[in-house]
Amino acid sequence: MSQITIQCRLVASESSRQKLWELMAELNTPLINELLRQVSQHPEFETWRQKGKHPTSIVKELCEPLKTDPSFIGQPGRFYTSAITTVNYIYKSWLALMKRSQFQLEGKIRWLEMLKSDAELVEASGVTLESLRAKAAEILAPLTPPARYG
């Protein structure tokens, strides 16, 4: 996935920049952190983790009561929207990574389960180790190229 980075220069008075900084640092960032915490503690979170995705509407639902919370009140509407979008993006990415990791782990476990010791093979097949080796050699013989001597 390619990303485009956009740079912009904020041209505003120092008091405007100070107000924007306060909104971001004192209200919006804590709101994002609270939404991240609430999503992770949601009763359906484990189901979402297993599926590898979450319903994006849940973050908006969790944000609604926080808009009236004294800790987060007074932000412009676009800041609430930005917080919701940011939290959805973070969880979308993280849950997809967890799902991929789970698939990889399950594949490795299946592969390891196929590997058995000689004793386990004898027990599972009900024949002797010598007959297992003879049968394996018989199966592999047509697949083995003849040795060349030069």
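Reply: Helix α1 passes helix α3 in a right-handed crossing. This is a predicted model, so keep in mind that we're looking at a prediction. Two packed helices are described by the angle between their axes and the distance between the axes. Here, α1 covers residues 14–40 and α3 covers residues 57–66. They pack at an angle of about 125 degrees, and their axes are 10 Å apart.

Now for who touches whom. On the α1 side, the contact is made by Leu31, Glu34, Leu35, Gln38 and Val39. From α3 come Val59, Leu62, Cys63 and Leu66. Sort them by class and you get seven nonpolar residues, one polar and one charged.

How far can you trust this spot? In the protein, confidence is highest in α3, with a mean pLDDT of 97, and lowest in helix α5 (residues 118–125), with a mean of 81. The protein as a whole has a mean pLDDT of 88, and 97% of its residues reach 70 or more.

Zoom out and you'll find six helices and zero strands. The radius of gyration is 29 Å, well over the 15 Å that the globule rule gives for 150 residues, so the protein is more spread out than a compact globule. Along the principal axes, its C-alpha atoms fill a box of roughly 85 × 45 × 20 Å.

Conventions:
Residues numbered from 1 in each chain as written. Predicted model: local features only at pLDDT ≥ 70, side-chain atom pairs only at ≥ 80, totals over all residues. Heavy atoms only, no water. Axes fitted to C-alpha atoms, helices over the stretch in contact; angles between N-to-C directions. Helix = DSSP H or I, 4+ residues; strand = E, 2+ residues; numbered from the N terminus. Left-handed = near helix turned anticlockwise from the far one by under 90°. Contact = heavy atoms within 4.5 Å. Nonpolar A, V, L, I, M, F, W, Y, C, P; charged D, E, K, R; others polar. pLDDT = per-residue confidence, 0-100. Rg over C-alpha atoms; globule rule 2.2 N^0.38 Å.
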